[in-house]
Amino acid sequence: MAVTGQVMILFVLIHVLGNSTLFVGGLNAYAEKLRSIPPLVWATRIVMLAMLIVHVYLSIRLTLENNRANPELYAVKKHLKATFASKNMIWTGLVIGAFLVYHLLHFTIHVINPEMSASMNVDALGRPDVSAMVIANFQTFSISLIYIAAMIALLLHLAHGIQSSFQTLGLNNDRMLPLIIKAGSIVAVILFMGYISIPAIIFLELIKG
Amino acid sequence: MDLTLYVWRQKGPEQPGRLEQYRAGNISAEMSFLEMLDVVNDDLIRKGVEPIAFDHDCREGICGTCSQVINGVPHGPEERTTVCQLHMRHFRDGDSIYIEPWRARAFPIIKDLIVDRSALDHLIQAGGYVSVHTGGVPDANAILISKPDADMSMDAAECIGCGACVAACPNGSAMLFTAAKVTQLAMLPQGRPEAKKRVCMMTEEMMKEGFGNCSNHYECQAACPKGIKVSFIAKLNREFIKAFDSHGE
């Protein structure tokens, strides 16, 4: 789980960097460049799908085994260290999974809102207009809200997941543990800000189509 | 001081249990928690009520038998303190105190506050030992061990096997207990020959005994009366990866 999680964290990092090209007007060029290297795109997709399947399988098995091992029968139970994020990994994970399906149908396969999709519209240089698609969609409140809500789930998932993955891989000791916990949360917050900045700024009409 | 206790009462392993309310009167702040329960039991016996069954042995914080979850925390509110070393001065007059047994599938309740912790013994039997030839006593310092390694091993050896880590864990996992034993032995040259086998056998046994998996909540370290650290779990994970790497040696 730790290994698959860390590979997916790498993807999430690269994805947010790619997204940020929108702010400098380079999203269409970035998308075009990616499309021009199909082996890279397909290799990434296949690896990510494999990681996702293993991660989901292990997480469901883990949750079922753990629920069986501790039926939580205490009349009074005080958690000293466990956080909301650490106790709800399965739920934040499921929200992210559901969002992933929505996100792919929306911006990759163009089943949702096809009239605004990049495959239907081209920019001045004849490239699929990814930038216009993103801006047009995020001007709708409900779409922005779905994206921001999903990113809250991602924030919680990574706030626990990053430090947890280091511990599981044994990449930890007394001195590193508090630093890794703090760094994991900071990285999760930075990623969250990076991702929500796009729908938030577009919705607040700071970037116009 | 006067206290209201809510104590888990359960006649036997198969019987249903429930919280019963008792009054603990005339409790001195100098008493230990177990002495307070002794006073309550004395009172119950006089009234002809079955006394509260609880485990205890050394009453000096080293045997690990006094397994009670007090107000939702294994061994109660004081850090690095077992129930027998918890004194009533940490409570206030008029307090309500909830006393429950360890709860985990691997620790079935025998009666009231007593649970069967044999699962921890089975973990030790699975690999928590070193195989040595008996015979003459080896010379002292014949095998040199660096001070940091010896310190780490001794820190891990502080575990008294009380099971508070399991009771505190939202997953009912015995990872901290197992990690302490794996680290204690893996840090010493005498423990190295069986290190790979040990970590595999003990983790496998954990699953067989019905303990959960570690998902790094770190509740165990917070509840441990001996300050066993979760960094030992990272050490266990490293040992496990090393064993995995050795193609089933």
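This is a predicted model: local features need pLDDT of at least 70, side-chain atom pairs count only at pLDDT 80 or more; totals for chains, interfaces and linings use all residues.
**First stop: helices 1 and 3 of chain A**

With both on display, the crossing of helix 1 of chain A past helix 3 of chain A can be followed as a left-handed one.

Next, show the side chains at this contact. From helix 1 of chain A, select Thr4(A), Gly5(A), Val7(A), Met8(A) and Phe11(A); they meet Met48(A), Met51(A), Val54(A) and His55(A) in helix 3 of chain A. Coloured by class, the residues of this contact comprise six nonpolar and three polar, with no charged residue.

**Second stop: helices 7 and 8 of chain A**

Move to residues 141-168 of chain A for helix 7 and to residues 176-203 for helix 8. Here the axes come within 8 Å and cross at roughly 170 degrees, which makes helix 7 of chain A roughly antiparallel to helix 8 of chain A. The contact between helix 7 and helix 8 of chain A holds 22 nonpolar and four polar residues, and no charged ones.

Display both chains and select the residues in contact between them: 29 come from chain A and 36 from chain B. Helix 3 of chain A, already visited at the opening stop, gives the most, with five residues. By class, this side of chain A has 12 nonpolar, 10 polar and seven charged residues.

**Last stop: the sheet of chain B**

Hide chain A and turn to the strands of chain B. Five of them form an open sheet of mixed pairing, in the order 2-1-5-3-4. Select residues 18-24 for strand 2 and 73-74 for strand 4: these stand at the edges of the sheet in chain B, each with a single partner strand, so one side of each has no neighbour in the sheet.

Finally, select residues 69-70 and 96-100 of chain B. These are strand 3 and strand 5, which run antiparallel and are joined by two bridges. Centre the view on Ile70(B) to find Ile99(B), in strand 5 of chain B, standing opposite.

Note on methods: Residues are numbered from 1 along each chain as its sequence is written. Chains are lettered from A and ligands numbered from 1 in the order in which they are written. Axes are lines fitted to C-alpha atoms, for helices over the stretch in contact, and angles run from 0 to 180 degrees between N-to-C directions. Helices (H or I, at least four residues) and strands (E, at least two) are DSSP runs, numbered from the N terminus. Angles under 35 degrees count as roughly parallel, over 145 as roughly antiparallel, 65 to 115 as roughly perpendicular and the rest as oblique. Ala, Val, Leu, Ile, Met, Phe, Trp, Tyr, Cys and Pro count as nonpolar, Asp, Glu, Lys and Arg as charged, and the others, Gly among them, as polar. Two residues are in contact if their C-beta atoms, placed from the backbone, lie within 7 Å. Two strands pair if DSSP finds at least two bridges between them. A crossing is left-handed if the near helix is turned anticlockwise from the far one by less than a right angle, and right-handed if clockwise.
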